Amino acid sequence: MVTVWRNALRAGVVLAGLTGALLTLAAPAQAAFATEMSGLPARFTAGDQVRTISAVVSQTDRRAGCAKVRWSMVLTVRGIRLDQVKMDRVEENGDFPLEIRTEGDVARLTDRQLDPGTLCPGRTVTARYRVAFDEDVTQGRITLAAEAYDANLRLLARQTATRSVVGVGATATASPKPSATPTSSEPTGEPEEAASTPADEPVADQPVDAAPPAAGRPVSQAGGFGLVHAAFLLGGLLLSLGVGLLLRLRHLTRAAATEAEEPPVDRLWERPAPAGRW
């Protein structure tokens, strides 16, 4: 009986160790990549003005190997139409082929082939996009989401930024509206122009498992299922197997103890021999 419980304890320790190791290895895999966007103006101006923005993905885990990258840019517009936005991906040798899918006010531009660069520890991969807006745009907002995938279509990192879009004839400042509430006469120290300029949302990192916009994921339907999810599922399966094994061993141990205490079945109906008269 002691041997059975000792074996069960060893099996539980092994299962717990495997689960912890998988979770430890899975956590750095999701946090080893980061994406940054550069070249974004305070706001876009419609017309012939063309802006070049860049998305850079880096790898922070020095122990990991190199990987190829596929970029996907998601556009979400408000107050303007998608056909009023012009965006293409460029490389040193010219335009980069894209697969474009649209749904409502959302468009996804995905590379048809892997980026020429290679992502390694200490080495980054950059994607450049040119953005312009039609002259008939008066006012609106656009949200850009740069997503980096590996060759197996696993999402590495994602970052979004929102900027306003104004027409060519839009004034840089707006006159303050009269208010019935008296204001303080003390100087604020801030320029009058800052109060009239709408504040844009800053660039902010998003988790590697954040849900994309409603345009769908043309590059991978399973990109959000990362190594962490698989590790948790495997850990739960191992834990269930361990618990089932312990319960089974306990049942067998009780059954063996019960059989040892009771007499054999073939002796239950034996009659004791009558004692001699003498």
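**Notebook: one chain, contacts first**

I started with contacts (heavy atoms within 4.5 Å): of those between residues at least 6 apart in sequence, 75% join residues at least 24 apart.

Ground rules for myself. This is a predicted model, where local features need pLDDT of at least 70 and side-chain atom pairs count only at pLDDT 80 or more, while totals for chains, interfaces and linings use all residues. Residues are numbered from 1 along each chain as its sequence is written, and side-chain values use heavy atoms, with hydrogens and water left out.

**Overall**

I looked up the secondary structure and got three helices and 13 strands; these are DSSP runs numbered from the N terminus, with helices being H or I of at least four residues and strands E of at least two. Next came burial: 33% of the 278 residues are buried. Here buried is under 20% relative accessible area, exposed is over 50% and partly exposed is in between (1.4 Å probe, protein chains only). The chain's accessible surface is about 17700 Å², and carbon and sulfur atoms hold 57% of that. Those areas are Shrake-Rupley with a 1.4 Å probe; for residues, only the protein chains shown count as cover.

**Core**

I asked for nonpolar cores, meaning sets of buried Ala, Val, Leu, Ile, Met, Phe, Trp, Tyr and Cys residues joined through side-chain atoms within 4.5 Å. The largest has 35 residues, and Trp71, Met87, Phe133, Ile142 and Leu144 have the most contacts inside it. Elements giving two or more residues to this core include strands S4 (67–78), S5 (85–91), S10 (125–133) and S11 (139–150).

**Disulfide**

Which cysteines pair up? I found Cys66 and Cys120 in a disulfide, sulfurs 1.9 Å apart, and the count comes to one (the rule: cysteine sulfur atoms within 2.5 Å). The S-S torsion of Cys66 and Cys120 is about 120°, so the disulfide is right-handed. Cys66 sits in the loop between S3 and S4 and Cys120 in the loop between S9 (118–119) and S10, so the pair ties together parts 54 residues apart in sequence. Cys66 is exposed at 52% relative accessible area, whereas Cys120 is buried at 6%.

**Salt bridges**

My search rule was a side-chain nitrogen of Lys or Arg within 4 Å of a carboxyl oxygen of Asp or Glu. The whole structure gives 12 salt bridges. I noted these among them:

- Asp115 with Arg89 has its closest N and O atoms 2.7 Å apart. Asp115 lies in the loop between S8 and S9 and Arg89 in S5, so they tie together parts 26 residues apart in sequence. Asp115 and Arg89 are both buried.
- Arg130 with Asp95 comes out at 3.1 Å between the closest N and O atoms. Arg130 is in S10 and Asp95 in S6 (94–96), so this pair links parts 35 residues apart in sequence. Arg130 is partly exposed at 32%, while Asp95 is exposed at 55%.
- Asp83 meets Arg81 at 3.0 Å, N to O.

I also traced shared partners: salt bridges join Arg89, Glu91, Asp111 and Asp115 into one network.

Most residues other than glycine have a negative phi. Leu153, not a glycine, has a positive phi of about 65°. Leu153 is in the loop between S11 and S12 and is partly exposed at 25% relative accessibility.

Leu234 is in helix H3 (residues 227–261) and is partly exposed at 36%.
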